[in-house]
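Subject: Structure handover

Hello,

Below is the structure I said I would pass on. My notes on it follow, in plain terms.

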Amino acid sequence: MRNQAPQYVLHVSRFRHYHPGHGPTAQWENIPTFPVKCPVLVPKAHTWCVRGGGEDTGVGKSSIVCRFVQDHFDHNISPTIGASFMTKTVPCGNELHKFLIWDTAGQERFHSLAPMYYRGSAAAVIVYDITKQDSFHTLKKWVKELKEHGPENIVMAIAGNKCDLSDIREVPLKDAKEYAESIGAIVVETSAKNAINIEELFQGISRQIPPLDSHENGNNGAIKLGKPTAPASRRCC
Amino acid sequence: MCSPEEEALLQLEEVFLATLDRINGQVLQPLLEAEPSDPQGKECRRLLLQLQSSCQQLWEATEKSLHSLRERLRHPDAVGLESVQLLCGADHVLRVHVEYIESYTSCVVVQAFQKAAKWRSEYWRAQRKALRQLLWGMGSERATGPALVQALRQPLTHHVQQYVLLLLSLGDTIGDRHPARELVVRTASLFGSLQSFLRQALDQAEATQALWRTLSSRPRDALRTPARRLLQDSQDIPVTVAPLRAERVLLFDDVLVLLQGHSVHTFDLKLVWVDPEQDGCALHLLTPEEELFFSSENPQDQAIWRWKITQAVCQALRGKKDFPVLGAGPEPSETPTCRSVAYTFLAEGRLCQATYEGEWCRGRPHGKGTLKWPDGRNHVGSFCQGLEHGFGICLVPQASEDKFDCYKCHWREGSMCGYGICEHGTDQVYKGHFRDGLRHGFGVLESAPQLPGPCKYTGHWERGQRSGYGVQEDRDRGERYIGMWQANQRHGPGVMVTQAGVCYQGNFQADKMVGPGVLLSEDDSLYEGTFTRDLVLLGKGKVTFPNGFTLEGSFGSGAGSGLHTQGLLDTAAPPPDPSSTCKRQLGLGAFPVESRWQGVYGPFRDFVRAGCPGHLQEALLGFHVQSSRELRRSQEYLCCERTPPDDSVGRMEDILEELLRHREPAALQSYLTKALSSSLHPLGMLLRTLMQTFQATYAGIGANKHLQGLAQEEVKQHARELWAAYRGLLQVALQRKGQALEEEEEDTETRDLRMHGLVLPLILPSFYSELFTLYLLLHEREDSLYSQGLANLSLFPDTKLLEFLDVQKHLWPLKDLTLTTNQRHSLVKDKCFLSATECLQKIITTVDPREKLEVLERTYGEIEATVSRVLGREHKLPMDDLLPLLIYVVSRARIQHLGAEIHLIRDMMDPIHTGGLYDFLLTALESCYEHLQRHDMHRHDMHRLPSRRDSREPW
């Protein structure tokens, strides 16, 4: 029995100069591989996915991310660490967002290590299982922690997974929506199995990430999100 | 078959030999019998002796010639004409004649014969008849003196004349075909020249003698020497001189003399330059201390003077008389510009009484030379336009004792400028930059360790005083000050680190701390407020204890000993996070890293801006002298064995050439590696100096955890500056090829990429030991908790540990456990995930953060490979499974000081990796490290430890 809340951490980098008119495929094939100079941006923002859940089989967070990453054509340029670290590029307006997806161990005993993973991230995806009320409770705990200890302005998205099993649903969509609204988060019901709403979930996050501030990042376009302090200054008095 | 001329020659020689015998017996011997006692007389006697020996040589040569002629006449067939001494040894015969002429004219100039005759006038009166015999043909002379003069000259003149006649006649007689004809003709012309020489020598001698007779006594005594000959007199060809005034100008064969009243100005011809420019009408002469303009009304007169002076200078420099006449030397038109002569300066000023020996150019010391002052000051080195310029060694004696200040330094226009090493008589050594003769720029001053008050300053100077950023270590007090200076005093923000581990930061003014500061003690308590240099808390302040208690109030030293305070103790605050209190950093923000070591980067930038001139490399980038102390002890302190001597100009070209050939990434890396490790490459020199500053700041007393922040930003800045330095060199190299740097301005992003990706890994080894020590100290507490955790977990056998870490059973690599007969799975240790463990251990074998991260990535790969092998299929590990396995591997790898490693990697990691794969891996490792420090690893979970059960189980 593993009572756990597995976590993913996603990092986002973004590309400027994306022209939708040329078609995404053509554009994306031209994206240089990490870590090449412009237009790849230094990833300074993270997206952190948390999912709630109270059972050993999991609520499908791996499936969500794997589906998201693998359904598309850029997995060949993505360095991965098994199912723990993945990257994925999503177009958003005239930018490209490169998600750097960090998984984190969800076991309760590793809970205290979580801040190391979510520090400096731009967004978090918190996943629960619509067929498990428990997982929704766990989710709320994570939201609370993120609000208190997470980076400022973190974009939160709530994903109710397994919407293909809505007949054994325990968490009503209305509850989730109300809750999400109360905390200002994106909410989507997904099905990793049937690839429902997965793309939409990440596009929703992309839209919420503040656009590039051209005067601040004028020449290199690096985004500086949710990271008020540089890593080096962390250890300073 | 001998020609009549040969017989005539034989007769001539016989007569001459007899004449010489007579001259010696009847004239020279009696002349020498007098023994005068006055100095003039002694001088005369010396000259007469010389004349006698010349005469003797002449006799010998003639005797030899006579002998060979006799041989020839006796056996005309056996002995060829070529073997006649007069022909085959003509040069020797000639030389003997010239010597005789010179000895003779010297005697004439000082009127030696007349004087000697006076000493024994009685005798000579008696000998008049014999003398007259010698002077056949012109017996009109009455006085003894002139008669003697004639007697010693006439036979020689006659003899040479006969030689020429007979030889010419011989040449005609033997005909064109004769093998010896050429020799005969040559000899004839040689003696013809001798005739001219003789005539000129006699003329000069007579003119000189006449001059001495007419000159007033004072200048005569000053000028008269036997060997000196008058070449030109302004009474014959008038000339006026400016700016020095002169009534009379006398050109001798060794000096130029200006007479004005009683004053005599003498200029050594070796140090007279005739300006070849013939602008204006005046003749321009350069001498070490004067410039002279000669002018005449008549341009022809001036031309004569110009020609005479030029020839006289050339002759003086050649060191011997022009043969046959003045100006017959090889290069008649100009005086040579560069010479090598010694001269003592007379005019008041810097060089008064100093003697310069070495190369000159147009009246000024120029080139290599030695300058010696009468007080013992001594400069050996290069000169330019009369001033020290280029590398030179200067010794300055100390007032007392036998001690010297020794400057091995680069000079510019007479003062020290650029890099130099100065060893003071007080055993202090300064190595650094100078300007206008004073310490200026970056430099290190170190006093001898055995003397009282040993002290070392590494930092910036201005006009001879400590000024700007600098580090001073006072070994007696056990203190190191890192901070700003002004006029040799601590002034501005500064950090003081002490041997005892206490350190503080504050503002200094005139060597004293003013206003509040921050004081950190060894036990991590913090005092913010005012205190004295002896660490006595005085005035308002606040103490924060490590347990979170604060004491705020005013402090004083009270009546007795100990601390006296009135204040408020607050015990309500929650205990702070120990990891934040013990990691307080000093100096951050007080000394912006960009401006900290400008004095080191500055000269390099100047070097690049000047286009990398090879001859300035040393002056700007410094040089290394081997064991300077030992050299000083020995007498060879004037030889300075620097690493790059004179070929540095060519070498710089090679360096730039090579730089251009290695611009592709792979080649660039290996090139930079080589360049940075070479002590002759400009980049290597720069790195060496930076290492020196780093050690001066952070080694020894400076190994204090509160300085880690300063140190790490400094290393990064060095990488940035070294990259900029490389770019600067590249630009110069391209400019020399006439190309421009294609990317005109490198953007910050590329620069950062290069700095972190390329340069930082290359220079990190140079700073690693000091830097890692700081990290080690900073993370000491966590590292000890971690080691404790490691020690506890090391007691677990593999399967127990996997179970303890909640690794799912299906991932256990039980197949890897090979058992002996009575062993059980539960007892085997250090077998599972061995490949990953061994891989992770390699993290300490490199200092390059990127390589360390690659090790980490490979470790992950090994874990996944092992898991895939266990499951029999490819398996992608989610973090839920990966983290426990990683903790297992980390606990088995038993890497010491992992905390220091992790934080060093993170600080030195390329920021482009932030959020990326490497950041993730490093965060995962860090979370393992944190986990291993935790309490439940130490106490709570110990109940589940199998160690107690182990004891019960049979082994």
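Predicted model: local features only at pLDDT ≥ 70, side-chain atom pairs only at ≥ 80, totals over all residues.

Helix α20 of chain B covers residues 708-736, and its 29 residues, at 1.5 Å a residue, should span 42 Å. The C-alpha atoms at its ends are 42 Å apart, which agrees. α20(B) is mostly covered, with 23 of its 29 residues buried. After α20(B) comes B:G738, which has a positive phi, near 80 degrees.

Helix α14 of chain B (residues 598-609) can be checked in the same way: its 12 residues should span 16 Å at 1.5 Å a residue, and its end C-alpha atoms are 15 Å apart, which agrees. The buried residues of α14(B) are B:G599, B:V600, B:Y601, B:G602, B:P603, B:F604, B:F607 and B:V608. B:G611 follows α14(B), and its phi is positive, near 85 degrees.

In soluble globular proteins, nonpolar side chains tend to be buried together. Here the largest nonpolar core has 76 residues, and those with the most contacts inside it are B:Y104, B:F113, B:L152, B:F191 and B:F252. Helix α8 of chain B (residues 144-174) gives the most to this core, namely 13 residues. Why does this core lie between domain 1 and domain 2 of chain B? Domain 1 (4-211) and domain 2 (215-336) both give residues to it, so the core lies between them.

As for B:F252, leaving aside its neighbours within four places in sequence, this residue is in contact with several others, including B:L211, B:W212, B:L223, B:L230, B:L231, B:V257, B:L269 and B:A312. B:R228 and B:R229 are also among its contacts. Another core, of 69 residues, lies apart from the largest one, and B:L659, B:A711, B:L722 and B:F767 are among its residues.

Now the aromatic rings. The structure holds 33 aromatic pairs over all chains. One of them is B:Y481 with B:F508, an edge-to-face pair at 5.0 Å centre to centre, with 85 degrees between the planes. B:Y481 lies in strand β20 (residues 479-486) and B:F508 in strand β22 (residues 503-509), both of chain B, so the pair ties together parts that are 27 residues apart in sequence. Are these two residues buried or exposed? B:Y481 counts as buried at 0% relative accessibility, and B:F508 is buried with a relative accessible area of 3%.

B:F694 and B:F767 form another edge-to-face pair, 4.9 Å centre to centre and with 65 degrees between the planes. This pair links distant parts of the chain, 73 residues apart: B:F694 is in helix α19 (residues 682-698) of chain B and B:F767 in helix α21 (residues 748-778) of chain B. B:F694 is buried, at 0% relative accessibility, and B:F767 is buried too, with a relative accessible area of 0%.

B:Y481 and B:F508 also belong to one aromatic cluster, together with B:Y430, B:F434, B:Y457, B:W461 and B:W485. The charged end of B:R466 sits over the ring of B:W485, 5.8 Å from its centre. Elsewhere, the charged end of B:R339 sits over the ring of B:W273, 4.0 Å from the ring centre.

Last, a single residue. B:D91 is found in helix α4 (residues 90-109) of chain B. B:D91 is partly exposed, with a relative accessible area of 44%. B:D91 and B:T187 are 96 residues apart in sequence, yet 8.5 Å apart in space, C-alpha to C-alpha. Leaving aside neighbours within four places in sequence, B:D91 is in contact with B:R186 and B:L190.

Regards

Definitions and conventions
Residues numbered from 1 in each chain as written. Chains lettered and ligands numbered in written order. Heavy atoms only, no water. Helix = DSSP H or I, 4+ residues; strand = E, 2+ residues; numbered from the N terminus. Buried < 20%, exposed > 50% of the residue type's maximum accessible area, 1.4 Å probe, protein only. Contact = heavy atoms within 4.5 Å. Core = buried A, V, L, I, M, F, W, Y, C linked by side-chain atoms within 4.5 Å. Domains from an automatic or database assignment. Expected span 1.5 Å × (residues − 1). Phe/Tyr/Trp six-rings, centres within 6.5 Å; stacked < 30°, edge-to-face > 60°. Lys NZ or Arg CZ within 6 Å of the ring centre and 35° of its normal.
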